[in-house]
Amino acid sequence: MRGRKQAAFLASIFSTLALSVSIILPTSTKAESAENYSLTIMHMNDTHAHADLLPNMVTAIKEVRAEDPNALLFNAGDVFSGTLYFNQFKGQADLALLNMMNIDAMVFGNHEFDLGSGENGQKSLSEFAAKANFPFLSANVDFSGDAYMASKQNNTYTETPEDGIVYNGMVKEVNGEKVGIFGLTTEDTANISSPVNVKFQNYIEKANEAVAAFEDMGINKIIAVTHIGYDSNPETGNDLLLAKYVDGIDVIVGGHSHTQLTAPVVVDQDETGAAKDKTVIVQAYQYSQNLGELKVDFDENGVVVGQTGQLIDVASKAADSEAAAVLAPYKSEIDSLTNQETGATAKKVLTNPRLTDSAVSVRSNETELGNLVTDAMLAKTKERNENVVIAMQNGGGIRAAIDEGPITTGEVIAVLPFGNDPAVVQLTGDEIKQILEYSVRLAPAESGGFLHVAGMKFTYDSTKEAGSRVLTMQVKVNDQYEDIKADQTYLVTTNNFTAKGGDGYEVFAKAYQEGRVQDIGAIDWEQLRDYMVQDLNGDVNPQIEGRIIDTLGKEQEPETPGQEPETPGEEPETPSEEPETPVTDDENNQDNDNGTETPVTDDNNNNSDDNTSDDNAGAVDDNKDNGSSDTDKNPQNQGSNTDKPGTSNNAGNTLPNTATNMYTMILVGGLLLVSGIVVMIYRKVKHA
């Protein structure tokens with residue numbers, strides 16, 4: 001009898017213990033997330049007519065939708081301009097592939113307006129819109145003055161968008177929740193493209209209007225799809241400023257600055273530094289290379305509580321067979337165009353030498369081809385801004401030689417295969433000296449960041465310590481050379497890769513951050529082609545002119561300003577022994593400059609100077625990442641991101657460690673308390 005009582009008592013004690021544990025121990029260390037709302041967003045930007053990778057992009061999109069059928073897809077602009085696909089088809093080749101992607105909306109990039117002047121309006125853009133099977137968004141672009149696009153604009157925030165129509169914004173219902181989406185295009189389009197009668201309004205004012213319109217509709221999840229740049233010139237606006245100055249935007253899907261944000265950037269402070277609800281910013285680089293994927297979580301009030309994101313390497317995906325078949329007839333025509341003559345003729349072979357097979361190198365010496373490229377940059381940029389006086393081109397961005405005889409379009413593209421946008425930078429004479437010091441710091445060894453120049457000349461001594469090598473700098477003014485003054489400001493044109501700090505140019509990166517870099521709305525290989533045909537009348541015969549001279553420790557005769565070198569055409573002297581490869585950490589990725597972007601055509605993938613040891617030394621996935629470009633060396637991918645790369649704040653709503661530890665302490669304490677009571681009572685019962 002007594003044993004049965006003890007057994008019953010113990011059973012009741014264990015039942016009480018189990019109940020206590022069920023109360024004390026939570027079923028999960030995750031926060032209650034039943035009311036949170038999750039949204040998946042895919043995005044692309046600045047594809048610039050690089051249509052060859054679009055069939056691969058289709059595959060990547062299908063894979064994401066296989067996991068989340070309701071994932072949204074946005075195009076952040078600049079489909080136009082960059083390759084022969086655009087020159088020949090004016091966006092229609094790209095559109096044939098974009099129409100296979102089920103895009104939810106697209107915003108206009110500045111290059112979408114490139115043909116305006118030649119067509120007296122946006123004729124090609126209107127034809128692109130008319131055949132699109134997706135709507136367009138633009139809260140700050142006024143098409144009312146354009147004969148072709150005016151009828152396509154609907155200045156509303158609609159819940160029923162139609163394909164090919166331009167709306168201020170639209171509402172999408174996804175997984176039972178309404179999401180507001182609006183678009184913005186950089187106001188700088190008026191200066192860097194050919195909008196003609198199209199007007200661009202203040203992006204902050206129009207963004208505030210859009211947020212207010214959605215909030216009046218009871219919508220608390222708002223996305224801005226923008227083509228204003230992540231950290232572009234603050235005078236014309238950028239995404240970081242948009243996030244700070246406009247309350248209520250939850251996600252910014254960006255373009256224009258070609259920024260490779262490998263993880264979402266979170267802005268949680270307003271323009272005064274005060275705390276604000278999170279705004280998540282994403283951008284997917286350029287040239288169809290990446291598909292961005294963002295997963296963002298909202299609480300019941302529409303506030304962002306977590307985000308994760310990644311860039312999917314499109315080239316790693318197999319091409320979708322149906323999409324490849326659609327592209328095939330366009331590609332066939334483009335392949336034949338690469339052999340088309342430009343109308344220019346090379347009077348001799350314009351080599352692109354490397355130290356592996358030559359006494360001089362495009363990456364350490366003045367070359368005839370380097371002079372031709374920079375002359376073209378300077379001449380064509382001066383047509384847009386006559387105050388530009390200097391051109392600079394990184395040697396690593398010059399990728400192939402030009403044969404003697406008629407020059408084909410394919411040869412021009414092979415020389416400059418990356419379709420870079422030229423830019424104008426405001427620099428002081430002192431900053432120019434710092435840039436040149438960095439350019440020649442490794443000489444006579446090769447460096448992809450070695451700069452060719454036009455409109456100026458300089459001397460340096462490679463036997464001196466790096467940072468103290470530049471001896472003289474002169475700029476050409478009215479066909480005479482004048483010393484560059486340290487405190488005077490000069491306008492310099494270069495490609496946008498270098499202008500943003502590519503190859504580790506901190507001075508350029510600082511100028512970019514401070515808004516001293518201006519895109520001019522051109523393409524570099526087109527500048528070279530047009531210069532040879534129009535400015536040189538097809539007669540291409542550049543010379544070595546003594547623009548860059550290494551004194552190699554020798555005393556130089558003082559040069560009278562305006563005096564030309566005594567022996568123009570003479571190759572700079574080089575040491576008899578091939579220099580050792582530098583081993584400094586800064587140089588491990590120097591050859592990645594511009595060499596990782598997808599060339600215009602497949603024919604240009606295997607340039608003669610690509611398969612040397614320098615080209616591959618220290619490179620990190622050469623088909624994917626510019627080791628010294630926008631991602632790593634430029635601050636545009638750093639600083640503002642409060643998350644670790646590839647992670648998110650509160651992703652999955654997992655409780656912080658402090659909360660988990662608290663539960664553990666309560667559990668242990670409760671178990672000890674209950675165990676003590678059990679032992680005490682058991683002893684009393686046993687001795688009763």
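Q: Why does Arg-547 count as buried?
A: Buried means under 20% relative accessible area, exposed means over 50%, and partly exposed lies in between (1.4 Å probe, protein chains only). Arg-547 has 6% relative accessibility, so this residue counts as buried. The model is predicted: local features need pLDDT of at least 70, side-chain atom pairs count only at pLDDT 80 or more, and totals for chains, interfaces and linings use all residues. Residues are numbered from 1 along each chain as its sequence is written, and side-chain values use heavy atoms, with hydrogens and water left out.

Q: Why is α11 called roughly perpendicular to α16?
A: Helix α11 (residues 368-382) and helix α16 (residues 524-535) pack at an angle of about 80 degrees, and their axes are 9 Å apart. Angles under 35 degrees count as roughly parallel, over 145 as roughly antiparallel, 65 to 115 as roughly perpendicular and the rest as oblique. The angle therefore makes α11 roughly perpendicular to α16.

Q: Which residues of α11 and α16 make the contact?
A: Contact means heavy atoms within 4.5 Å. Among the residues that make it are Leu-372, Val-373 and Asp-375 of α11, and Leu-528, Asp-530 and Tyr-531 of α16.

Q: With which residues is Leu-528 in contact, leaving aside its neighbours within four places in sequence?
A: Leu-528 is in contact with Leu-372, Val-373, Ala-376, Val-412, Val-415 and Leu-416.

Q: Is Glu-431 buried or exposed?
A: Glu-431 has a relative accessible area of 11%, and therefore is buried. Its side chain meets that of Arg-516 in a salt bridge (3.0 Å, N to O). Arg-516 is in the loop between α15 (506-513) and β25 (517-519), whereas Glu-431 is in helix α13 (residues 429-439), 85 residues apart. Arg-516, at 16% relative accessibility, also counts as buried.

Q: How do you know whether Asp-530 is buried, partly exposed or exposed?
A: Asp-530 has a relative accessible area of 23%, which means that this residue is partly exposed. Asp-530 forms a salt bridge with Arg-529, with the closest N and O atoms 3.0 Å apart.

Key: Axes fitted to C-alpha atoms, helices over the stretch in contact; angles between N-to-C directions. Helix = DSSP H or I, 4+ residues; strand = E, 2+ residues; numbered from the N terminus. Salt bridge = Lys/Arg side-chain N within 4 Å of Asp/Glu carboxyl O.
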